[in-house]
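Have the structure open as you read.

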Amino acid sequence: MRKIINSTYISLDGVIEDPSWTMPYFDDEAAAFAGEQTAAADALLMGRRTYEGFAAAWPTRDESDPSTGAAYFNNVKKYVASTTLTNPEWKNSEVLQGDLIEAVTRLKAQEGKDILMYGYGVVTHALVKAGLVDEVRFWIHPVFVGGPSVSAPLSDVQTTLALADTKVMKSGVIIATYTSAVQ
């Protein structure tokens, strides 16, 4: 069974929106870890807002430069959870049909590598609540960004997680990986 891995950049004050503030911390070490994540995943899963942000940014990047990640993001299979998006134009994108939990359960049962998610919003929240997210990796950045924290109210679920791994980077970024504590 495939695993769903959520990878989220977060500031010390809980901001995950518009991750341009992460760029000063995206050094060779962070790029290597990000490359390991994408090498282990043959699909992306995202909500409409994340899809729209990614679809606006990645196709404009140079796929011939391996340091951009554009070749991966533009060509990997992309699944979008949305009730309003009907015709995604970004290459290899498909809108999930029907019930989100049932559709993602079917995706996880397919043969393949990990399914990678970026950001933590209502789609990830619903999947955590349903027990479908296998790992959450928070890239905790040593910066206060200001503004709204965590993009969606997530008050209706409590989940206990177990620390599976930590990686402390020279830049001060800490990647904390958690798995479900309920096995």
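A salt bridge here is a side-chain nitrogen of Lys or Arg within 4 Å of a carboxyl oxygen of Asp or Glu. Keep in mind that this is a predicted model. By that rule, the count comes to seven salt bridges, and a few of them are picked out below.

**Salt bridges between distant parts of the chain**

- Asp42 pairs with Arg2, and their closest N and O atoms are 2.4 Å apart. This one links distant parts of the chain, with Asp42 sitting in strand β2 and Arg2 in the segment before β1, 40 residues apart.
- Asp42, at 31%, counts as partly exposed.
- Lys108 makes a salt bridge with Asp134, with 2.8 Å between the closest N and O atoms. Again the pair links distant parts of the chain: Lys108 belongs to helix α4, Asp134 to the loop between α5 and β6 (135-141), and they are 26 residues apart.
- Lys108 has a relative accessibility of 5%, so it counts as buried, while Asp134 is partly exposed at 24%.

- Arg48 and Glu52 meet through their side chains at 2.9 Å, N to O. Both lie in helix α2 (residues 48-57), four residues apart, or about one turn of the helix.
- Both ends of that pair are partly exposed: Arg48 has a relative accessible area of 30%, and Glu52 has 39%.
- Lys3, Glu135 and Arg137 are tied together in a network of salt bridges.

**Nonpolar cores**

- The largest nonpolar core has 20 residues, and the ones with the most contacts inside it are Ile4, Leu45, Leu96, Val104 and Leu127. Strands β1 (4-11), β2 (41-47), β3 (77-81) and β5 (114-118) each give two or more residues to this core, as do helices α4 (100-109) and α5 (122-129).
- There's also a second, separate core of 17 residues, which includes Ile5, Phe54, Tyr72 and Leu85.
- As general background, nonpolar side chains tend to be buried together in soluble globular proteins.

**Around Ile4**

- Which residues touch Ile4, leaving aside its neighbours within four places in sequence? The contacts are Leu45, Val104, Lys108, Ile115, Met117, Leu132, Val133, Asp134 and Glu135.
- Among those contacts are Lys108 and Asp134, the two partners of the 2.8 Å salt bridge.

Note on methods: Residues numbered from 1 in each chain as written. Predicted model: local features only at pLDDT ≥ 70, side-chain atom pairs only at ≥ 80, totals over all residues. Heavy atoms only, no water. Core = buried A, V, L, I, M, F, W, Y, C linked by side-chain atoms within 4.5 Å. Buried < 20%, exposed > 50% of the residue type's maximum accessible area, 1.4 Å probe, protein only. Contact = heavy atoms within 4.5 Å.
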